[in-house]
Amino acid sequence: MAVQKRDVTVAEFENFIALSENRERRLELVNGEIVEKVVTQEHGIIAGNSVTEINFYLRQRAIGRAAVEVRHRATDDQENDLLPDMSFAADLNKTVIREGTVSSMPDLAVEIKAPNDSFKKMRAKARYYLAHGSRLVWLIFPDQRVIEVYTDDDEYVVGEDEMLNGGNVLPDFSIPVRNLFKNL
């Protein structure tokens, strides 16, 4: 859901989200437009399942950090400040950001389709992540129970009865897709 339909810069966006009435809202800047992310219980369960599976994997391999709703921005872009539903960053040497936006894209960005998301905008966002430094993107579609997987050189769909892997971002990570839809 668009909050403002005008060209907003990152600086203006930061001022807007700092307002007391906006602090609890899930807002992101997409191509200069402030957009409010609509999350549901279904959305939260899938995000929780995703980060749980990856964190179990990371307990055995200290290769990075997984988190939900971490703000990311490419340093060379003044029109986008994104809030992936779940993300993974492989660099443990970087300081954990305690306030504001991470100034790079995550290695893995996960977006879960909300009722107000269009397939077209989600796919455009996946390509944006890849063009600005992400190496892997998962778009999760709860109604279809599928995941679209995006890398620099491939795009494919994984169904509920198939296995999802982490490619070269999460080596040897593999889970049944159905695990992400548990408890729905």
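1. **Basis.** This is a predicted model, in which local features need pLDDT of at least 70, side-chain atom pairs count only at pLDDT 80 or more, and totals for chains, interfaces and linings use all residues. Residues are numbered from 1 along each chain as its sequence is written, and side-chain values use heavy atoms, with hydrogens and water left out.

2. **Helix H1.** Start with H1, residues 10-18. Helices (H or I, at least four residues) and strands (E, at least two) are DSSP runs, numbered from the N terminus. Val10, Phe13, Phe16 and Ile17 are buried in H1. Buried means under 20% relative accessible area, exposed means over 50%, and partly exposed lies in between (1.4 Å probe, protein chains only). Where do these residues sit around the axis of H1? They are on the same side, because they cover an arc of only 115°. That arc is taken from the directions from the helix axis to the C-beta atoms.

3. **Helix H3.** H3 has 13 residues and spans 18 Å from its first C-alpha to its last. That is close to the expected 18 Å at 1.5 Å a residue; the expected span is 1.5 Å times one less than the number of residues. Its buried residues are Met122, Lys125, Ala126, Tyr128, Tyr129 and Leu130. The cover over them includes S2, strand S6 (108-112), S7 and S8. Contact here means heavy atoms within 4.5 Å. Just after H3, Gly133 has a positive phi of about 120°.

4. **Salt bridges overall.** How many salt bridges does the structure hold? There are 14. The criterion is a side-chain nitrogen of Lys or Arg within 4 Å of a carboxyl oxygen of Asp or Glu. Side chains of opposite charge can pair when their charged atoms come close.

5. **Lys125 and Glu28.** These side chains form a salt bridge at 2.5 Å, N to O. The pair links distant parts of the chain: Lys125 is in helix H3 (residues 119-131), Glu28 is in strand S2 (residues 27-30), and they are 97 residues apart. Both Lys125 and Glu28 are buried.

6. **Glu148 and Arg123.** A further bridge joins the side chains of Glu148 and Arg123 at 2.4 Å, N to O. Glu148 lies in strand S8 (residues 146-151) and Arg123 in H3, so the pair ties together parts 25 residues apart in sequence. Glu148 is buried, at 9% relative accessible area. Arg123 is partly exposed, at 26%.

7. **Arg127 and Glu155.** Here the side chains meet in a salt bridge at 3.0 Å, N to O. Arg127 is in H3 and Glu155 is in strand S9 (residues 154-159), so this pair ties together parts 28 residues apart in sequence. Arg127 is partly exposed, with a relative accessible area of 39%. Glu155 is also partly exposed, at 43%.

8. **Phe119 and its partners.** The whole structure has three aromatic pairs. Rings of Phe, Tyr and Trp (its six-membered ring) pair if their centres lie within 6.5 Å; planes under 30 degrees apart are stacked, over 60 edge-to-face, and the rest tilted. Phe119 and Phe141 are stacked, 5.0 Å centre to centre with 25° between the planes. Phe119 lies in H3 and Phe141 in strand S7 (residues 136-141), so the pair ties together parts 22 residues apart in sequence. Phe119 is partly exposed, at 31% relative accessibility. Phe141 is buried, at 1%. The charged end of Lys113 sits over the ring of Phe119, 5.2 Å from its centre. That label needs NZ of Lys or CZ of Arg within 6 Å of the ring centre and within 35 degrees of the ring normal.

9. **Trp138 and Phe173.** This pair is stacked too, at 6.2 Å centre to centre and 25° between the planes. Trp138 is in S7 and Phe173 is in strand S11 (residues 170-176), 35 residues apart. Trp138 is buried, at 1% relative accessible area, and Phe173 is buried, at 4%. Tyr57, Trp138 and Phe173 form one aromatic cluster.

10. **Asn93.** Is Asn93 buried or exposed? It is exposed, at 75% relative accessibility. Asn93 is in the loop between strand S5 (86-89) and S6. Asn93 and Gly64 are 29 residues apart in sequence and 8.9 Å apart in space, C-alpha to C-alpha.
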